[in-house]
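Here are my notes on this chain. Please read them beside the structure.

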Amino acid sequence: MPELPEVETVRRRLEPSLTGRRFERVDIRDARLTRPNDPAEVAAELEGERIERVDRRGKYLIFRFESGRVLLIHLRMTGNMLYASEGADAVDAADAADAHRRAVIRLDNGADVVYRDVRRFGTWLLVEADELDEYLATRLGEEPLDRGFTVAALAARLRDRRAPVKAALLDQRTLAGLGNIYVDEALWRARIHPLRPAGTVGSDELPELRRAIRRTLQAGIRRQGATLRDYRQPDGTQGRMQTEFKVYGREGEPCERCGTPIEKTRAGGRGTWYCPDCQRR
Ligand SMILES: [Zn+2]
């Protein structure tokens, strides 16, 4: 569920607290998190590492260590990173749902970074510096908020594709970081029907689609992401983007532009919302 704006929000919140801090103790309680690697071995490798920077690529959180190694974290459906300045025990008192705690990182200032994950699809992967670029390059397309995401780049990714444009944009190799919510919102902004074959999006429409994707993501970041179920910021607070959806989850409600009731269909195997008037096939 967390998409680019949610992961970026987590990154921005964690970075000032983590930069320069050393991992003093790492406790990984769920073997699924590091599969196929042994969680105790990964934890032992992480202990002593000092954070140089917290980055993001698509939906991956990237902890870069001074040693050059990197911890790649993917939150998948329900992963959460909570920062507890007083230690995890203080979080326990405030949050009784700690059965979903999968890992705890004790920092050298006594704070804990707690990883919670209800559905347990999240992953932690420790990679060497020289492995990172190739790992990401084979999985991810352009970063939509970077300069490299041009109209020409988008055109090249969609050209000749017969898959619905919604499905093409959900594919992380087309663009990194988009998921079900922000694709629906971007297609509404660009007035493009989600089921149209991706290759039929014309050169006259591509600049608007690119702009719509960027504006939608930027709006999500400004509102600290969307909280529907489990997503929280590292301080435990919710995002606010969910109150501003134009189409996502709004079946039967009037389109803000034309008043036509929003409809729901399926595209790319996912529930998909659109305005049948603004977004003609
Ligand atoms: Zn409309």
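1. The chain has 8 helices and 10 strands. Both are DSSP runs numbered from the N terminus: helices are H or I with at least four residues, strands are E with at least two. The model is predicted: local features need pLDDT of at least 70, side-chain atom pairs count only at pLDDT 80 or more, and totals for chains, interfaces and linings use all residues. Residues are numbered from 1 along each chain as its sequence is written, and side-chain values use heavy atoms, with hydrogens and water left out.

2. Overall dimensions. Along the principal axes, the C-alpha atoms fill a box of roughly 55 × 40 × 30 Å.

3. Burial and surface. Of the 281 residues, 51% are buried (under 20% relative accessible area; exposed is over 50%, partly exposed in between; 1.4 Å probe, protein chains only). The accessible surface is about 12,700 Å², and carbon and sulfur atoms hold 42% of it. Areas come from the Shrake-Rupley method with a 1.4 Å probe; for residues, only the protein chains shown count as cover.

4. The sheet. Four strands form an open sheet in the order S2-S3-S4-S8, with antiparallel pairing. Two strands pair if DSSP finds at least two bridges between them. S2 (51-57) and S8 (123-127) are the edge strands; each has a single partner, so one side of each lacks a neighbour in the sheet. The twist averages 20° from one strand to the next.

5. S2, S3 and H1. S2 and S3 (residues 60-65) run antiparallel and are joined by 6 bridges. Val54 stands opposite Phe63 in S3. Helix H1 (residues 4-18) lies across S2 and S3, at about 170° to S2. Axes are lines fitted to C-alpha atoms, for helices over the stretch in contact; angles run from 0 to 180 degrees between N-to-C directions.

6. Cores. The largest nonpolar core has 38 residues, and those with the most contacts inside it include Leu158, Leu178 and Ile213. Helices H5 (151-158), H6 (165-170), H7 (180-190) and H8 (206-222) each give two or more residues to this core. A second, separate core of 29 residues includes Phe63, Phe65, Ile73 and Ile105. A nonpolar core is a set of buried Ala, Val, Leu, Ile, Met, Phe, Trp, Tyr and Cys residues joined through side-chain atoms within 4.5 Å.

Conventions
Contact = heavy atoms within 4.5 Å.
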